[in-house]
Amino acid sequence: MAKIRAVLGDISVDKAGITLTHEHLRYAYAGCEYDHHNLFDVESAASQIGQTLRNGMSQHGIRTMVDLTPPELGRHPDLIAESARRSGMNIIATTGFYGEHNAIGIPYYWRRKSIEYLEELLVRDVTEGMVYDYKQTPYKAGILKVSTGALTAEPSPVGPHGRRIGVYEDRALRAAARAQRKLGCAINTHTHPVDWTLTNPGIEMLDVLEEDGADPGKVIIGHCFIKSTTDQLEAICKRGACLQIDHIGIPWMHESAEQLDEIMARQICELVDLDYLDRLVFSYDRFFFHGRGPVTKEEPDQFNTRVPFGYLFDKFAPRLKKKGFGASELQSVLVDNPWRLLAF
Ligand SMILES: [Zn+2]
């Protein structure tokens, strides 16, 4: 029987309950670990995170959450496990890579490796457990992540294959596709919103993933509601892949949460009218613990940290309900669809 691979062990699908598919327990950039202003202690961070998670469980019935943090963005297996223990939340950890631009994702060490070597990392993270600080942990990842795009207002450059996918991102995509074929687990992608104004990044990623054998039915395209058209989203659904509604309550590249929420709610309802309710999953992309040092002008506090954990239920669900998207539709996007995608 298919199971969902949470960090403290596999769980049966019917135990997953309400599931958020794209969050970050800790969000940090490489180098932060030797900053005098950024000391970090697993116990106190897990205590803080655990409290927030328990509130989400008791007040809104959230049972399961994917920590979609790739290793180079601060993934911390002990912190994930300890937060799961303290809260009772099922937390799914991630293996894979962030985008190569701005020198954030795919560290130089991994840029030198072959597709086969990358694939082995992904498979062993899921089947044996993740490595942290040169040590093997018993904590297994339960989903793969691939990414394209920069972290700026500029679009990603066109890569060597005529797509807005860099040379190392292309390798990471192919490694994930091959690992997905072996394992059967889901792949969740990060895309750059600005790229959606020039191409369909979801289709470009699916082209690469499917060339190397990935099952599009197990692919979730992330950040696809920030700067897209409904036609672009429909094209992804027609390919058999799923769409992630993220940044609920977080006005990424928009003037207000109100503005982006309304755009997303309208597109969600248009997709439901086109009969694609079974392709949608929801999340915030929330940072539960900010590991990027003190808040300054250069490193400002972010909406990803500030959005209330109940916002989806208190603010976004009522907005959807007014458009005819009610309790049974919410059950699909928060429970049934994530279970189907995460189980393998
Ligand atoms: Zn994210």
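**Helix packing and a zinc site: group meeting talk**

Hi everyone, let's start with helix 4, residues 115-127, and helix 5, residues 167-183, which pack at an angle of about 45 degrees with their axes 8 Å apart. That makes helix 4 oblique to helix 5. Before I go on, this is a predicted model, where local features need pLDDT of at least 70 and side-chain atom pairs count only at pLDDT 80 or more, while totals for chains, interfaces and linings use all residues. Residues are numbered from 1 along each chain as its sequence is written, and side-chain values use heavy atoms, with hydrogens and water left out.

A few terms for you. Helices (H or I, at least four residues) and strands (E, at least two) are DSSP runs, numbered from the N terminus. Axes are lines fitted to C-alpha atoms, for helices over the stretch in contact, with angles from 0 to 180 degrees between N-to-C directions. Under 35 degrees counts as roughly parallel, over 145 as roughly antiparallel, 65 to 115 as roughly perpendicular, and the rest as oblique.

On the helix 4 side the contact (heavy atoms within 4.5 Å) includes Ile115, Leu118, Leu122 and Val126. Helix 5 brings, among them, Arg171, Ala172, Ala175 and Ala179. By class, the residues of this contact are ten nonpolar, one polar and six charged. Here Ala, Val, Leu, Ile, Met, Phe, Trp, Tyr, Cys and Pro count as nonpolar, Asp, Glu, Lys and Arg as charged, and the others, Gly among them, as polar.

Let me zoom in on Leu118, which lies in helix 4. Leu118 is buried, at a relative accessible area of 4% (buried means under 20%, exposed over 50%, partly exposed in between, with a 1.4 Å probe and protein chains only). Leaving out residues up to four places away in sequence, Leu118 touches Phe97, Trp110, Lys113, Arg171, Ala172 and Ala175. From Leu118 to Ala176 is 58 residues in sequence and 8.1 Å in space, C-alpha to C-alpha.

Helix 5 has another partner. With helix 6, helix 5 packs at an angle of about 50 degrees, axes 8 Å apart, and the two are therefore oblique to each other. This crossing is right-handed too. Asp170, Leu173, Arg174 and Ala177 in helix 5 meet Met205, Val208, Leu209 and Glu211 in helix 6. That contact has five nonpolar, no polar and three charged residues.

Now, which residues are the protein donors of the zinc ion? They are His22 (NE2), His24 (NE2) and Asp285 (OD), lying 2.1 to 2.3 Å from the ion. Donors are N, O and S atoms within 2.8 Å of the metal (3.2 Å for Na, K and Ca), and water is not among the atoms, so sites may look incomplete. The spacing in sequence reads H-x1-H-x260-D. His24 sits in strand 3 and Asp285 in the loop between strand 12 and strand 13, 261 residues apart. Both His24 and Asp285 are buried.

One last stop: helix 7, residues 230-238, where Thr230, Gln232, Leu233, Glu234, Ile236 and Cys237 are buried. The buried residues of helix 7 pack against helix 6, strand 10, strand 11 and helix 8. Just after helix 7, Gly240 takes a positive phi of about 100 degrees. Thanks, everyone!

Technical notes: A crossing is left-handed if the near helix is turned anticlockwise from the far one by less than a right angle, and right-handed if clockwise.
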